[in-house]
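User: Please work through the strand pairing and helix packing of this model with me, one point at a time.

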Amino acid sequence: MTAPSIRKRLLALLLLPAVLILIAGTLSDYFTALAPYRDAYDQALFDAALAISGHVRVDSQGRRTLSLPADAIAILRYDTYDSIFFKVTTEAGEFIAGDRDLPELHDNTTNPARGYARYHRESVRLVTYRAKGSTGTLEVSVAETLHKRDHTRSRILFSALAVDIAQLSLVLALIWIGVGLALGPLRSVEAQISRRSARDLTPLPGESIPTEIAGLVAALNRLFVTVRATSDAQRRFLGSAAHQLRTPLTGLQVQLELLTEDPAAAPVRERLAALLEATQRLTHTTQQLLALARSDEAANLSWEFTRIELSEVVEATVADRISAALAAGIDIGADTQPGTIQGVRWLLLEALSNLVNNAIAHTPTGGTITVRSGVAADTEFLEVSDSGIGIPVDERERVLERFFRGSNARGAGSGLGLAIVAEVAQLHGAAVAIDSGPDGKGTTVRMTFQRR
Amino acid sequence: MRVLVVEDDPLVGDGVRRALNNDGFAADLVASTEAAKSALDAESFDLVIADIGLPRQDGLQLVRSLRSRGQNVPVLMLTARDGLEDRVTALDLGADDYLTKPFQVPELLARCRALIRRANSVASARVGFGELELDTARKSVTAGGKTLELSQREWAILECLILNGGHIVSKSKLMSAIVDWSEDLTLNAVEVYVSRLRAKLAGAAVISTVRGMGYRIDEPRK
């Protein structure tokens, strides 16, 4: 079932009756126009009958004859379009003159009687006039073929149709335009809403809202306020959670680091080292969970997207991870071409440093890591490629899931790093592709930002 | 070298103080901006490490008040928040560097040494970097007491790298350190000088190449 459309309803409710009314109007125009012309032509036939009846005389033998000269009869019969016939009989039906086989009408209610008949396999209009006079009652019938009448009737029909069709089209056009204009404010509200960024939670302006949907818009605005309040609360919570979690973890980690090097703690050094490693893992996972929570939050809420130069993100990430890479004996480098996107800088940094951390963890000493940015095929990208152990082809989809760790994953990873990458990519409308390096070894992860 | 640590979390504060002590710094720990101000008024410090998230007056206010009183002591900010705003604000207010919690002790110490080195190079002519000792007035350098023979340009590169110790220095920045108006140098020339410098340092300091970005100097790993 398709969604109900106010426009369609309005058009159906207005157009259908309008069409029916106009069709009825056309029919009534047509039939109203028919009567006067028919009467006018009938009048001519009647006039002819009257004229004929006036020329019946009684001859010397007491017979009634038509005393019209042949010329006059020819004039009477003359018509440009139609054939005209006549017959004069006595009341008793005795033939006096004219076309002997012409039928007559026997209708005593009207005089003259009018009607249609068939004559010589043609339809004719027939007028029969009963004339009472000095020569007794006569019946004079005059008939004509219908060419002239048909012609006139079709002219009337066409002109009526032409006018009415023009009228109909005009009305339909006006309804169409009118409905469109009437729904204009609805469309402008819709456009206003769809133009907004998904993260824009400011209320819709009240002034241009039609009263019919003012309630709806007010409800939307109340929803925006609630969502914004929730988002602010969540952001404050995450900010303070970050602080509350990171500070004690830092203390724990620093103290354990110092203790593992303290000569006085030499007998328990191995246990301290294990504690330190666990603390580092805990710290790392906490960091990543916070990053995930905040990118979730960023996806829903009003995070400011700003213009980001991708090469700057690459350089900041490499600068941040260089110590770890050098300590692992890995040659790290940047290969940056300019490229800008709209984004959230710290999330992009988080994603990229997760990729670099993964690369460092899975690349043996002497390997290389290259972090790239630029524009390829008209889309911006960030990429980290390493010469490490690679990710099996059938796991490349799943490594983006939360807590999934590849079968050859190394180190104390949380399984969240690539999930963060996927999340950040999604928030930025970017696609994540995992491939082998150029020579089929290692891993290349590329975030491709779609043009919006 | 005397360091003031301003941190309200006792475990972190104590850890930082101990780490500095172990590395040969004298360190004092206070837990609030107010206490830090009195300490700074009373005595002189070579470095201040301040947490941003302090109670009542935060670390940003401490930096602001230090700078407004014309005190140029280098300040390293610590922050537990991951927003960019804090860092930008801190640097704008006159902090010299920042470190996000959680950090690791060697990273903290490297940053401290770099900040103190940079401040000292302005105040005095002598800069230490591991077993290297630079005399910026006489443009000479010794490694473990033995003088290294460096060309003017090699020396300029070494000085630029060490004063930015812990950070990556771009090739173009190094080039502007060695180029004089009379000559056009290519970026490749920088590579040549760096590789000569590496040979002469013979492991007294390690210059790492960061492809596409530049070079970084580190003290040799123990």
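User: Which residue is the bridge partner of Val6(B) in strand 3 of chain B?
Analyst: Strands are DSSP runs of E with at least two residues, helices are runs of H or I with at least four, and both are numbered from the N terminus; two strands pair if DSSP finds at least two bridges between them. Strand 1 (residues 2-6) and strand 3 (residues 47-51) of chain B run parallel and are joined by four bridges. In strand 3 of chain B, the partner of Val6(B) is Ala50(B).

User: How are the residues and chains labelled, and what kind of model is this?
Analyst: Residues are numbered from 1 along each chain as its sequence is written, while chains are lettered from A and ligands numbered from 1 in the order in which they are written. Local features need pLDDT of at least 70, side-chain atom pairs count only at pLDDT 80 or more, and totals for chains, interfaces and linings use all residues, since this is a predicted model.

User: Which strands stand at the edges of the open sheet in chain B?
Analyst: Five strands of chain B form this open sheet with parallel pairing, in the order 2-1-3-4-5. Each edge strand has a single partner strand, so one side of each is left without a neighbour in the sheet; these are strand 2 (26-30) and strand 5 (97-100) of chain B.

User: What angle does helix 2 of chain B make with strand 1 of chain B?
Analyst: Helix 2 (residues 33-42) of chain B packs on the sheet, touching strand 1, strand 2 and strand 3 of chain B, where contact requires C-beta atoms, placed from the backbone, within 7 Å. Axes are lines fitted to C-alpha atoms, for helices over the stretch in contact, and angles run from 0 to 180 degrees between N-to-C directions. The angle with strand 1 of chain B is about 160 degrees.

User: How many residues lie between strand 5 and strand 6 of chain A in their hairpin?
Analyst: Strand 5 (residues 113-119) and strand 6 (residues 122-133) of chain A run antiparallel and are joined by seven bridges, with Gly115(A) opposite Leu126(A). In the turn of the hairpin, His120(A) has a positive phi of about 50 degrees, and the number of residues between the two strands is two.

User: Which residue in strand 7 of chain A stands opposite Val124(A)?
Analyst: Strand 6 of chain A is joined by 10 bridges to strand 7 (residues 136-145) of chain A, and the two run antiparallel. They form a hairpin with two residues between them. Opposite Val124(A) stands Thr145(A).

Technical notes
Two residues are in contact if their C-beta atoms, placed from the backbone, lie within 7 Å.
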